[in-house]
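Welcome, and please take a moment to look over the sequence and the 3D structure below.

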Amino acid sequence: MRNLDIATLRSLQAVAEYGAVTRAAEALNMTQSALSMQMKRLEEVFGRPMLAKVGRGVILSDFAQDLLGESRKLVALNDAILSRYTGLQPEQKLRVGLSSDWLFAKVAQTVRAFRKDYPRVELVMRDARTRTCGRRCGGANVTSS
């Protein structure tokens with residue numbers, strides 16, 4: 001049995017959040033090619049594609065959407081364990097609710113700036129995508145530190 005890499009799962013989350021490998025890589029302070037290699041590793045582990053190109057960006061495949069939900073749980077558990085045993089915790093938590101499809105596309109840049117300015121604040125985002133868009137458009141709950 002193989003182990004999942006937490007950093008790779010964080011990268012999957014970033015791609016889902018930013019809708020582009022390059023922007024996700026910038027947010028994670030890594031190169032686009034390094035992040036692409038992580039997505040390739042996930043594809044090799046599961047034998048399924050993770051991303052599909054849409055215009056200038058990407059969306060997660062249906063399989064990757066399902067994996068994303070589980071990866072968020074695993075990353076959150078990882079962070080909780082580290083927080084508990086190292087004493088490092090976010091100073092604050094900010095919850096943001098999104099209810100409009102068009103708004104979500106405009107949020108990525110603001111989120112990146114917020115994380116840069118407030119690295120010790122846990123950002124929790126929830127969206128309420130329309131049923132016609134649903135999972136194939138990337139609608140999901142996002143928790144990031």
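Leaving aside its neighbours within four places in sequence, which residues is Ser11 in contact with? Contact here means heavy atoms within 4.5 Å, and on that basis Ser11 touches Leu28, Met30, Leu35, Gln38 and Met39. Before we go on, a word on what you are looking at: this is a predicted model, in which local features need pLDDT of at least 70 and side-chain atom pairs count only at pLDDT 80 or more, while totals for chains, interfaces and linings use all residues. Residues are numbered from 1 along each chain as its sequence is written, and side-chain values use heavy atoms, with hydrogens and water left out.

Let us stay with Ser11, which sits in helix α1 (residues 6-18). Helices (H or I, at least four residues) and strands (E, at least two) are DSSP runs, numbered from the N terminus. Ser11 counts as buried because its relative accessibility is 1%; buried means under 20% relative accessible area, exposed over 50%, and partly exposed in between (1.4 Å probe, protein chains only).

Now follow the side chain of Ser11 to that of Gln38, where a polar contact of 2.2 Å joins the two. A polar contact is a pair of N or O atoms within 3.5 Å; within protein, one must be able to donate a hydrogen and the other to accept it, and residues adjacent in sequence count only if both atoms are side-chain atoms. Gln38 belongs to helix α3 (residues 32-46). With a relative accessible area of 7%, Gln38 is buried too. Apart from its neighbours within four places in sequence, Gln38 is in contact with Asp5, Ala7, Thr8, Ser11 and Met30.

This pair leads us to the helices themselves. Two packed helices are described by the angle between their axes and the distance between the axes. For α1 and α3, the angle is about 110 degrees and the axes are 9 Å apart. Axes are lines fitted to C-alpha atoms, for helices over the stretch in contact, and angles run from 0 to 180 degrees between N-to-C directions. The two helices are therefore roughly perpendicular to each other, since angles under 35 degrees count as roughly parallel, over 145 as roughly antiparallel, 65 to 115 as roughly perpendicular and the rest as oblique. Where they meet, α1 brings Ala7, Thr8, Leu9, Ser11, Leu12 and Val15, and α3 brings Leu35, Gln38, Met39, Arg41 and Leu42.

Helix α1 is mostly covered, with 11 of its 13 residues buried; among them are Ile6, Gln13, Glu17 and Tyr18. Just after α1, Gly19 takes a positive phi of about 70 degrees. Look next at the end of helix α4 (residues 62-86), where Gly87 follows with a positive phi of about 80 degrees. Buried residues in α4 include Leu67, Leu68 and Val75.

Further along, Val121 is found in strand β4 (residues 121-127) and counts as buried at 12% relative accessibility. Val121 and Gln89 are 32 residues apart in sequence, yet 8.9 Å apart in space, C-alpha to C-alpha.

Finally, step back to the whole protein chain. Its secondary structure comes to five helices and five strands, in the order α-α-α-β-β-α-β-α-β-β along the sequence. Of its 145 residues, 35% are buried. Among contacts between residues at least 6 apart in sequence, 59% join residues at least 24 apart.

Definitions and conventions:
Expected span 1.5 Å × (residues − 1).
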